[in-house]
Every structure is written in C-alpha cells, then in structure tokens.
Amino acid sequence: MDRTIKKRKSQRQGPVELFCPYCDRTMPYGYDPALGYCRCTGCGVSTEDFHTRTKNGLWDPQKKDAVERAVVESGLVYRGKGKRSKG
Ligand SMILES: [Zn+2]
C-alpha cells in the first residue's frame, strides 16, 4: 500500500499538553470521542477532573473551552486500554 502523507495544507500544531496531577508531569491530552472529554493519554483522567482543572486553570470556562478545542484540533484521539480482555 502506498502511504502518501497529505498533511501539508495546514500546519498542524503538536499535541496539546497539560499538567496531569496523576502522572505528575506534563502529558499530551487527547480527545475521547466516546465520552466527549479530553483525557490524559497516560492515565486517562479527563479535563473534568477537579485537580486537572485546578492545575491547568481550567475553572475558567473560556480557557477550558479553548484548551478543549485545541485538543480536538490537534487531532490526537484518546485510546483507552481497549475492551476488557484477559491480561
Ligand atoms: Zn495522567
């Protein structure tokens, strides 16, 4: 298969990084289309979380909205651990 990359139209920004209080470091956040939340790609905590909001100043609705939009636009999608399976 030919894997042509056609992503030169608009310069895509990198993933949106927020401080994750559970990973205790800055992590890229991805959008979870199943829940409609932005979530830490490391531990899966969402931007609805109290501590995540506090650490990132997301109690400001305008800022939260802007961050969530940026996450969606970054194209990074949160993928959970998949369906429950043994192991
Ligand atoms: Zn995390």
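User: Which residue in E2 is the bridge partner of Leu 18?

Analyst: The bridge partner of Leu 18 in E2 is Met 27. Please keep in mind throughout that this is a predicted model.

User: How many strands does the open sheet have, and what is their order?

Analyst: The open sheet is built of 3 strands in the order E1-E2-E3, and their pairing is antiparallel. Strand E1 (16-20) and strand E3 (37-40) each have a single partner strand, so they stand at the edges and one side of each is left without a neighbour in the sheet. On average, and with direction ignored, neighbouring strands of this sheet are turned by 50° against each other.

User: Where do the helices come along the protein chain?

Analyst: The protein chain has 2 helices and 3 strands, and from the N terminus on its elements run β-β-β-α-α. Helix H2, residues 61-74, lies across E1, E2 and E3, and runs at about 125° to E1. With its 14 residues, H2 reaches 20 Å from first C-alpha to last, which is close to the 20 Å expected at 1.5 Å a residue. Just after H2, Gly 75 takes a positive phi of about 80°.

User: Which residue other than glycine has a positive phi, and is that residue buried or exposed?

Analyst: As a general idea, most residues other than glycine have a negative phi. In this structure, Asp 24 has a phi near 60°, a positive value although the residue is not glycine, and Asp 24 is found in the loop between E1 and E2. A residue counts as exposed if 12 or fewer other C-beta atoms lie within 10 Å of its own; Asp 24 has 9 within that distance, and is therefore exposed. For the protein chain as a whole, 18% of the 87 residues count as buried.

User: What share of the contacts joins residues 24 or more positions apart?

Analyst: Among contacts in the protein chain with a separation of 6 or more, residues 24 or more positions apart account for 42%.

Terms used
Residues numbered from 1 in each chain as written. Predicted model: local features only at pLDDT ≥ 70, side-chain atom pairs only at ≥ 80, totals over all residues. Pairing = 2+ DSSP bridges. Helix = DSSP H or I, 4+ residues; strand = E, 2+ residues; numbered from the N terminus. Axes fitted to C-alpha atoms, helices over the stretch in contact; angles between N-to-C directions. Contact = placed C-beta atoms within 7 Å. Buried ≥ 20, exposed ≤ 12 C-beta atoms within 10 Å, placed from the backbone. Expected span 1.5 Å × (residues − 1).
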